[in-house]
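Okay, thanks for coming, everyone.

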Amino acid sequence: MAAISRRRFWAAHWRRAVRALRGQLAQRGEPLRRSVVTRAHVAGLVGGVLAGGAAHAVNLPEDRAEALFHVYDGGGVKATGPALLVRKSMADRVSLSASYYVDAVSNASIDVITTASPFDERRTEYGLGADYVYQDSLITLSTSHSKEPDYVADGASLDLSQDVFGGMTTVSLGFSRGSDKVGRSDTGFFDSARHWRYRLGVTQILTPRWVASANFEMVSDSGYLGSPYRSARVFGAAVPERNPRTRSSRAVKFRTVGAIGTAGAVHAEYRYFWDTWDIQAHTAEVGYSRYFGEAWLGDAYLRYHTQSNALFYSDNARTETTYISRNRQLSSFNSIGLGGKVSRRLAKVPGEYEIKAHATYEFKRFKYSDFTDVRTGAPYAFNANVFQIYVSATY
């Protein structure tokens, strides 16, 4: 589903980049055919890479259908399942979408096998969305519902984007509200959590071949923010995890995308995260995209992430404290990801439809500084492989 949601604004960025490139290339007086091919390739690359950003545009998303199958395998966890998305516009002002996502999880992670028994479970998520264009504004309303054993999550989002300065700048803002129900059936435990998410972004066309964006996000959580199945360690003994019932976090992200030559584009981004649990994280990514002929598109990227541990995290606490956790997601660790994507056009009838096939693969390496593998006594580390294959159709 991540792949589907990340491309929902492809068409908007593509069209805007084409408009900008048209002016520059016309001034240079390039031959017509070469200009058309160049504009399409560069605009597609810039727009496609930008689709990973958070900024929006005033154009409605393209009418689209996608069918995806995903696999995650790493750290004793294997998750597979399909995802479907259908989007259709109405009267050139409204676009409706519906999505369906399934995770079939086989969990034998180090957290599970050292405190309990491996298990299988299934998570299903449904989503509905509507986009509405009014003058230079795009208004998006969406809702989602997901369910898995002992956990139900509902969410709703409202986003607004506005083009200003002749379409050279796009300002976007949004709000999301989430409500979770958390339980543990074998003990009768039940609690809830609520989430508020606010975001603000600006995308600026620097030149017809370079675009930059800056985004800020603020999240506030309250309620039960842990797992009733997870244990901490105090003097080597297992005790129930105790997390604070409130958490606020902030994140800023900067991103730039630029066309290189007539068939390539590069992108670079940096994200800084901090919260009231004393976690600080840095994420950096660089990537390159290139067309090979008219039908093939290749992408490659390298991502690095590092974070510090939460104030109340301990691998094996030596004192009793009000809050205590051994959640490795709250520990000090770093990860590196190397990924690639290949897209192939299968069929195209200009003005009617286009069908493409896509395949993505990412290798991830996680290394923990203060989370011990109790089976070996050494710092824990593992590799993960993420694979997706999907078919998309625009019409």
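**Strands, a loop and some rings**

So, Asp-278 is partly exposed, because its relative accessibility comes out at 41%; the cut-offs are under 20% relative accessible area for buried, over 50% for exposed and partly exposed in between, with a 1.4 Å probe and protein chains only. Quick caveat before I go on: this is a predicted model, where local features need pLDDT of at least 70 and side-chain atom pairs count only at pLDDT 80 or more, while totals for chains, interfaces and linings use all residues. Residues are numbered from 1 along each chain as its sequence is written, and side-chain values use heavy atoms, with hydrogens and water left out.

Back to Asp-278, which is found in the loop between β13 (264-275) and β14 (280-292). Strands here are DSSP runs of E, at least two residues, numbered from the N terminus. What does Asp-278 touch, leaving aside neighbours within four places in sequence? Ser-308, Asn-309 and Leu-311, with contact meaning heavy atoms within 4.5 Å.

Now the strands. β15 (residues 296-307) runs antiparallel to β16 (residues 333-349) over twelve bridges; to call two strands paired, DSSP has to find at least two bridges between them. In that pairing, Ala-300 sits opposite Gly-340 of β16. On to β17 (residues 353-373): β16 pairs with β17 over 16 bridges, antiparallel again, and Gly-337 stands opposite Lys-364 in β17. Their hairpin has three residues between the strands, and Gly-351 there takes a positive phi near 80°.

Okay, rings. We get 13 aromatic pairs, counting rings of Phe, Tyr and Trp (its six-membered ring) with centres within 6.5 Å; planes under 30 degrees apart are stacked, over 60 edge-to-face, and the rest tilted. One of them is Tyr-272 with Trp-274, stacked at 5.2 Å centre to centre and 20° between the planes. Tyr-368 and Phe-382 are stacked too, because their planes are at 20°, with the centres 6.4 Å apart. That pair links distant parts of the chain, from β17 to strand β18 (residues 378-394), 14 residues apart. Are Tyr-368 and Phe-382 buried or exposed? Both are buried. They also belong to a cluster linked by ring pairs, along with Phe-333, Phe-366, Phe-371 and Tyr-380.

Last one: the charged end of Arg-247 sits over the Trp-277 ring, 4.4 Å from its centre. The rule there is NZ of Lys or CZ of Arg within 6 Å of the ring centre and within 35 degrees of the ring normal.

How values were computed: Helix = DSSP H or I, 4+ residues; strand = E, 2+ residues; numbered from the N terminus.
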